[in-house]
Amino acid sequence: MNRFARTAKSAVLGAVLAATATTAWAADPIRIGEINSYTGLPAFTIPYRNGWELAVEEVNAKGGLLGGRKLEVVSRDDSGKPEDAVRIASELVNSEKVVALAGTFFSHIGLAVSDFAARNKTLFIAAEPLTDAVTWEKGNRYTFRLRPSTYMQAAMLVEEAAKLPAKRWVTVAPNYEYGQSAVASFKALLKAKRPDVEFVSEQWPAQGKIDAGSTVQALNAANPDAIFNVTFGPDLSKFVREGTTRGLFDNRAVVSLLTGEPEYLDPLKGEAPEGWIVTGYPQEQVDTPEHKAFRDAYMKRFNDYPRLGSIVGYSTFQALAAAIEKAGSTDTEKLVDAMKGLNITSPLGPVTFRAIDHQATMGAYVGKVALKGGKGVMVDWRYADGAKYLPADDEVAKRRPKE
Amino acid sequence: MGFYVTQFMSGLAQAATLFLVASGLSIIFGVTRIVNFAHGSFYMLGAYMAYTVSDVVGGFAGFWGGIVAAALAAGVIGVVMEMVLLRRLYRSPELFQLLATFGVVLVIQDLALTIWGPEDLLGPRAPGLEGRVRILGQAFPQYDVFLIVLGPVVLALLLLLFKWTRWGTLVRAATQDREMTGALGVNERRLFTSVLFVGCALAGLGGALQVPREAVNLQMDVSMVVEAFVVVVVGGMGSLMGAFLAALLIGQLQAFGILIFPQITLVLVFLVMAVVLVVRPYGLLGKPPAAARGAAHAPEAPLRPAGLPAKLFGVAVLAVLLLLPVVAGQYALVVLTETLVLVLFAASLHFMMGPGGMVSFGHAAYFGLGAYAAGLLTKHMDGGMLAGLVTAPVLGGLGALLFGWFCVRLSGVYLAMLTLAFAQIVWSVAFQWTAVTGGDNGILGVWPAPWASAKWVYYYLTLAVVTGAVLMLRRAIFAPFGYAMRAGRDSPLRSEAIGMDVRRLQWLAFTAAGAMAGLAGGLYAYAKGSVFPTFLSVPASVDALVMVLMGGVQTIAGPLVGAAVFHGLETEVVRYTDFWRLILGGIIILLVLAFPKGIAGAADAWFGSGRSAEGRA
């Protein structure tokens, strides 16, 4: 049996024991429900799980929450389907009696759970889903989101892209909402900063099924100065290989979303695309005290280096623990109020969950890819604080439904 | 000019990969009639094994040796699958092997994750072919040139193998007429085993050859298997030349299609398949299958109206379902409601598949249309739940009426694949028409009316609707319409001769099944509160198929039992382990071996509501 199943089992056992021991009332564990695509996207979600396990262990080692109550997590796989995630959410809330929900990777699953949370008045922290809709168009009182949204990450890259002399741009993005909104935000923001640029061609490969040779060739034919890439995972490695062989990247700037994250950069090994401007996470180089402490603890616990997913898992549960302490209770309405404006010190630095739209100000690292010792690393990077890449408050208010 | 030439060549390189995988699938289907759902898994295993060999051995020998070794190993694994599993199922109802191979898919997914880990593995470039060549000034990878040459070479080798060896002659004979080949004293077992070896080795080879082009990853199996099926069907089942042409066609349309309409990537292959099948019902080079002589499968026992014990049992089940909310908690009610909906979904598929004799690989289209009817009504017209539940079967039925008209002109696997094509087209519309359907982010806030929002009320509503609908389907099966439908399935020629319009009957059955699936979809939408394109995706169609097959396609109770067992397993296993795919796949394989006629079929034989099919054969 693996560690995860053991945790789940001991969680159940613990609950049974606690329920039978009437004197143990004060030490009742606080249960959190966690849902993610563990089988659908293990490359991201397994480091993510390690991250939240570490956070929970740290909280409990310090004596738990609310005067000695332990934090317990009941975790489930959504098998990559929103309809399954909704059923699981109902299981966690109704039969596992969790006080809040957290997790999810895919945007549509995050949205499904957020709708469930609003209807059932349960706090939900969307850890990973990037769609702007989670906190804006489909935002609701009970849902908060940790990671910088598609808009924010595009805005970070636009800042760099606008400095380039390039005028003719092409885009390549997976053919679903994430790709579409990334391209739309990038285009709009770059045009606002640089009215002289034009977008001359776009490619929309089906997610996971890129026909890289033809796509590269088609982009090449548009003879661009620069390329904006949103593909990731297996599509990215195909695209990079074909593009390198066919000379697509020769003398052209490439600006690329998420490519600097260890999840996507490390599998490319010695073929990491040098010179690409990316968002990511140079885990081996970030030396702030909070990050060093996190990385050391993580390496010690799991004998592996952290990925971005680990940060996301860790910070999500950091935030939950902080909210419970701040609320002084596990009552949902109090928790929601505590989440509004909550400050935590994540491994990446201070993060605030904004009261106005429930979006956290977690940022991302923006830098360039270089090859060092036969693998890709980020160089010339800086931490882009998420707070600086959000639209003005009145614009946010326009996009978000009133409570 | 140079650009168009290289684009053409990129299409050729893509076609070569497609052809290798599809040719194996085509050979397996041609001879054994097995719809090998696990073919993509062999492709993925081939890639992983080639990666490992080239990683451990390294260099020139490691890479090229790894490709050969991976292909051979994939073949051997195919042989094991045939000897342990498939061999025991040749006398089961048609497509039952599909269920077995579905179990294999699940098991291999978890095994691959355990062995090779979650991260994508980027293998080496092909030693000796790392660079690029210049074609009319355009850079083109050397390795792709190699693939372009390899495709026709493999085709030629296979054609020679079939033409000049005794084994090839037997394979061709079995493809044309399996029963006759068996009657002439050919050892079918050995032939089938060897065919599985060749077919799976080709899949493994196709996967291994991908190592220099993409990082080996855990999604390779599903992303390839459907496309390989499309190529085989477009080319014509069992025709190698056809598969080659189809691969070329799809490769080229993909290469040039994205220049004109980049968004077409989602749906292109299915559009091609739909057009080809509508114009040529047996694919580009396929021939109508030899008339079945009924030797391979014993004729089905006629369905019998339920006797008194069965009726009493049905009433008892209903009574239990009525009493359950007294003891069941909130979550149990959620799961029960879902199970009921899926029972109706499976029953509707069974209606066209069992008595109707039309297998659908795309039944989720109508389920999804029903769900979208409810969702769109809520989103755009503020329609209430009752309006949604009325519209759902209407939209599902209309979709089936439209697509059914094309589908009933085909038969067997061609019909099934055309339903898949239509389902994928509907899916891509839901996925891409963001303004109306919300795209992949779906439609949220589709909740039941206030009076039905309590879990137990919605459960009773679902129970009432599902019971009524299932009884109606059952009634139809025993009505003259149902008898006519079954006659048309068992003997189309005789039915036509006595003046029945078989095609029209099938069209009606198709539409009725679509309407019922739509109703199930509407109920599902309100149970979930949201509607997503996943409702009409391939996995949803496969789930329905698995439920029907698991329960037993030859009994009316089959889909009900199958839906309950499959959904129950799925929800429960996920709760206790991360390796739910391994466990679920293992259970499916065991069930398939223990109940080669489905669970309800086995119960039927045991308790004998009459003579079993076996007894009469």
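Which residues in α3(A) meet which residues in α4(A)? The views below take up this question and two others.

**View 1. Helices α3 and α4 of chain A cross in this predicted model.** Residues are numbered from 1 along each chain as its sequence is written, while chains are lettered from A and ligands numbered from 1 in the order in which they are written. As the model is predicted, local features need pLDDT of at least 70, side-chain atom pairs count only at pLDDT 80 or more, and totals for chains, interfaces and linings use all residues. In α3(A), P82(A), A85(A), V86(A), A89(A) and V93(A) meet H108(A), I109(A), A112(A), V113(A), F116(A) and N120(A) of α4(A), where contact means that C-beta atoms, placed from the backbone, lie within 7 Å. These residues divide into nine nonpolar, two polar and no charged (Ala, Val, Leu, Ile, Met, Phe, Trp, Tyr, Cys and Pro count as nonpolar, Asp, Glu, Lys and Arg as charged, and the others, Gly among them, as polar).

**View 2. Chain B touches chain A.** In this interface, 59 residues of chain B are in contact with 59 residues of chain A. On the side of chain B that touches chain A, α1(B) gives the most, with seven residues (helices are DSSP runs of H or I, at least four residues, numbered from the N terminus). By class, this side of chain B has 25 nonpolar, 22 polar and 12 charged residues.

View 3. Chain B averages a pLDDT of 89, and 96% of the residues score at least 70. Over residues 609-617 of chain B, however, the pLDDT is below 50. Where pLDDT is low, the predicted coordinates should not be read in detail.

Technical notes
Contact = placed C-beta atoms within 7 Å. Helix = DSSP H or I, 4+ residues; strand = E, 2+ residues; numbered from the N terminus. pLDDT = per-residue confidence, 0-100. Axes fitted to C-alpha atoms, helices over the stretch in contact; angles between N-to-C directions.
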